[in-house]
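Have a look at it first, and then we'll walk through a few of its parts.

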Amino acid sequence: MNMILIALVTLFCGGVLALVFNRSSRWATILGAGSAVVGCLVGLWPAFQGLLGGGVYSFRMPWAVPGGEFYIRLDALSGFFLIPVFGLSALASVFGGNYLLAYRDRKRLGASWFFFNFFVASMALVVVARQAVLFMVAWEIMSLAAFFLVTFEHEKKDVRVAGWIYLIASHLGAAFLLAMFLLLGRASGSLDFDTFPVPGSIAGAVIFLLALIGFGTKAGLVPLHVWLPEAHPAAPSHVSALMSGVMIKLGLYGLLRVLIFLGPPAAWWGPMLVVIGFSGAVLGISFALCQRDLKRALAYSSIENMGLIVLALGLGIWGLTGHHPIVAALGFSGAFLHIWNHSLMKSLMFLGAGSVMHGAGGRDMERLGGLMKRMPHTGGAIVLGAVAISALPPLNGFVSEWLIYMALLYGGLEFSGGGSVVMLLGVGVLALVGAMALLCFVRWVGIVLLGEPRSEEARHAHESSRWMTLPLAVLAGLCVLTALFPGVLVTSFAGVINEVFGFSLEPLQQAMTDSSALTVLSGVNAVIWALLGLVALFSIRARRRGGVAEDSTWSCGYLAPLSSMQYTGQSFSEMMVSRLFLRSFRPKMRVVATQAVFPVAGKMTTSYPDTVSRVVYQPMFTWLAGHFARMRWLQQGKIQFYMLYFVVVLLFAFAWQVVRHWLHYE
Amino acid sequence: MNKFIDPILVLVLLLNFVVLGASRMRTLIQAVALQGILLGILIALAHGSLMVWVALMALVTILLKGVVIPRMLFDAIRDVVIRREVEPLVGFIASLFLGAVGTGLALLFSQTLPIARSDMGSLIVPAALSTVLTGFLMLTTRTKAITQVVGYLILENGVFIFGMLLMEAIPFLVELGVLLDLFVAIFVMGIIIHKISREFSSVSTRMLSELKE
């Protein structure tokens with residue numbers, strides 16, 4: 001039996017059923033979330049088999065769409081991405097079931113579950129599709145379903161704006177993909193993935209660039225990332241968790257799949273990816289530092305992490321073309337491990353942010369605080385996720401960043417000339433990024449969870465239900481497991497790396513044992529965890545003995561400390577953001593100074609516009625709009641004129657055919 | 001059987017000119033109705049054998065294109081009290097001339113299409129193209145909403161004739177589906193005509209340009 005198909009059908013049917021039962025929020029949730037969980041669990045088994053190279057699932061069916069065929073096949077690469085798709089979607093749907101019920105009085109939930117299930121199913125279909133038309137259809141369903149999920153609260157203006165930006169960005173990206181597939185299929189005359197021949201060097205370069213733009217838009221690579229910080233905060237949290245944890249990774253999937261078609265990589269691809277990766281990491285984390293919105297900060301952190309993954313991928317390709325197998329092995333294993341790690345950590349953080357929003361009723365950092373006491377389970381999971389995502393030792397983020405560091409160091413030693421300099425400088429840049437990430441998440445956690453509440457809603461925050469904290473606990477547990485057994489994971493990725501880059505298993509394992517000391521690393525992690533466990537044990541025993549007195553925090557000698565005396569999110573990162581950044585990265589501050597002699601109200605506003613969007617896209621689109629406005633005369637408002645346009649096109653097509661016929665017989 | 005097809009297609013072509021030259025609504029609709037009936041007969045002839053579904057198909061075509069839709073158009077004229085003149089943007093003589101040029105081009109163009117040898121000699125392709133062009137001509141050069149409907153109908157007739165080539169390939173159901181489409185479209189247009197006349201107290205599409213942003 002083809003379990004992938006069963007999973008897909010379950011998801012689609014569940015979505016439709018949720019829509020049918022739109023009137024009852026309860027039934028829509030049970031059917032939508034329930035079928036999502038069942039479908040995902042069914043799909044996980046073949047996904048694991050695919051990754052480990054166990055069974056090859058393949059299914060073909062003729063399809064009436066011109067040039068299309070329903071052809072799906074599962075290989076190691078598909079399996080690698082299918083596991084997060086199904087695993088995280090199952091957790092997100094459990095979380096979302098409870099999360100969305102808060103809206104039951106204001107909204108019908110059936111439509112949201114319909115799109116959620118279609119979103120999950122289309123993501124799975126993207127990964128297993130082996131035919132360009134089917135792939136593009138699945139890709140578009142994915143983009144559209146995500147659009148409708150993002151605009152769940154469409155009565156808010158900023159949500160609508162975010163939806164539009166996302167929709168425009170995805171469609172521009174898809175246009176590049178269409179061109180890419182046509183180029184790929186031109187030689188063989190078929191859009192079947194199996195039949196794509198390896199293109200020549202120039203065609204290969206064009207295809208690579210098209211794929212980089214098209215898939216990079218989805219993956220949030222700088223400078224194509226502008227939709228990401230808009231769309232992620234606007235979406236309901238379980239959806240942002242999936243978008244950030246899984247959907248943007250599918251951009252990378254597309255890129256890797258195309259790399260298979262392109263054969264041996266050209267020498268300039270690696271350095272190019274390294275540069276893109278570094279700029280993504282630096283830019284992403286810089287903007288994450290100054291955001292007030294919890295989820296916007298997380299979205300920028302996703303841009304940073306996608307940058308890191310692309311950086312590692314670029315290092316791997318650079319090592320491959322430069323014949324340095326150790327650099328290649330470290331880069332590739334770091335990239336693949338970080339894809340999974342980031343999926344886990346970022347879903348954990350987004351679901352945690354969702355739980356905070358659910359409990360404390362807002363996502364503005366400056367109105368939260370003191371939630372650790374009020375939401376201990378959520379808070380604990382968030383702290384763990386933040387440690388992981390800042391790449392600190394006993395957790396998984398550290399392991400994959402360690403691999404990337406090692407790749408850079410080995411590259412610096414083994415390469416000669418410019419490459420070596422770039423790599424060694426890169427170590428410094430990576431350290432800077434790591435420090436900023438640490439600052440960013442200390443701020444995130446410190447402002448939200450510690451201190452005193454900054455608003456009434458935060459004061460009356462309540463812990464979320466078990467259905468919402470359970471997925472958090474599962475994700476946190478997975479993060480710990482990944483940190484303890486990275487070697488097992490990296491070995492299981494060997495099949496994928498071999499499939500994509502033709503990089504065989506032995507040098508990989510050789511490199512791992514020689515260079516990275518993953519076993520030592522997991523040992524260190526285990527020791528730290530054991531120590532932490534001991535500390536916890538002692539503190540519990542101390543509590544039992546009753547030696548704990550509760551008192552207010554030391555308040556610097558103030559008699560009556562107010563919550564407004566605390567650090568705000570802005571003041572915490574002020575030093576870094578307003579003093580050290582380049583001028584164009586700094587937030588825009590407008591102060592209306594008072595001129596009067598006696599005290600009057602003054603005003604100050606700060607905004608954090610995305611530099612890329614402000615400097616590149618807004619002027620570009622204004623310019624384009626200005627030029628397209630000249631085409632207004634085409635829109636006459638008379639139906640006869642519109643028909644005339646049809647006639648003109650038709651006659652042109654006729655004339656073209658006649659001319660071609662002529663040339664043919666001359 | 002094939003010897004009857006070309007004469008009927010010639011009639012269809014001539015009806016195109018009647019349509020282009022007609023100054024009265026009544027003539028216009030009658031010409032289109034006649035064209036529809038001819039198409040129904042054409043189906044029966046083109047297939048040769050009188051199998052049940054062929055007969056059914058021909059019957060449905062004649063009923064819809066020759067009776068029901070013209071009936072609806074006549075009713076529309078009566079109900080909405082449309083003035084009986086066609087209001088052209090381009091004069092009748094000029095329309096006829098353009099139609100003639102279009103037919104000539106269609107004949108020329110059909111030589112260049114990659115079609116099976118057996119269909120080369122027949123008038124099917126030029127007749128289809130010329131009818132499509134006539135439909136477009138109606139759509140672009142007449143102002144009234146109801147002439148737009150007629151133009152659309154003629155356009156569809158052209159497509160229908162083209163479908164003759166694929167008689168063997170296109171299943172019966174698809175053809176019926178196309179007919180249903182057409183019927184629904186005309187139905188909707190009828191409703192729109194009513195709306196236009198109610199909103200603007202006129203059925204000229206000129207007023208629609210008010211709706212442009």
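## Ground rules

Helices (H or I, at least four residues) and strands (E, at least two) are DSSP runs, numbered from the N terminus. This is a predicted model, where local features need pLDDT of at least 70, side-chain atom pairs count only at pLDDT 80 or more, and totals for chains, interfaces and linings use all residues. Residues are numbered from 1 along each chain as its sequence is written, while chains are lettered from A and ligands numbered from 1 in the order in which they are written.

## Helix 7 of chain A

Let's start with helix 7 of chain A, which runs over residues 201-219. From first C-alpha to last, its 19 residues reach 25 Å, close to the expected 27 Å (1.5 Å times one less than the number of residues). Just past its end, Gly220(A) takes a positive phi of about 75°.

## Chain B

Over in chain B, there are eight helices and zero strands. Of its 213 residues, 38% are buried.

## Domains of chain A

An automatic or database domain assignment sets the bounds here: domain 1 (270-537), domain 2 (581-632) and domain 3 (636-666). The C-alpha centres of domains 1 and 2 of chain A sit 33 Å apart.

Notes. A residue is buried if 20 or more other C-beta atoms lie within 10 Å of its own, exposed if 12 or fewer, and partly exposed in between; C-beta atoms are placed from the backbone.
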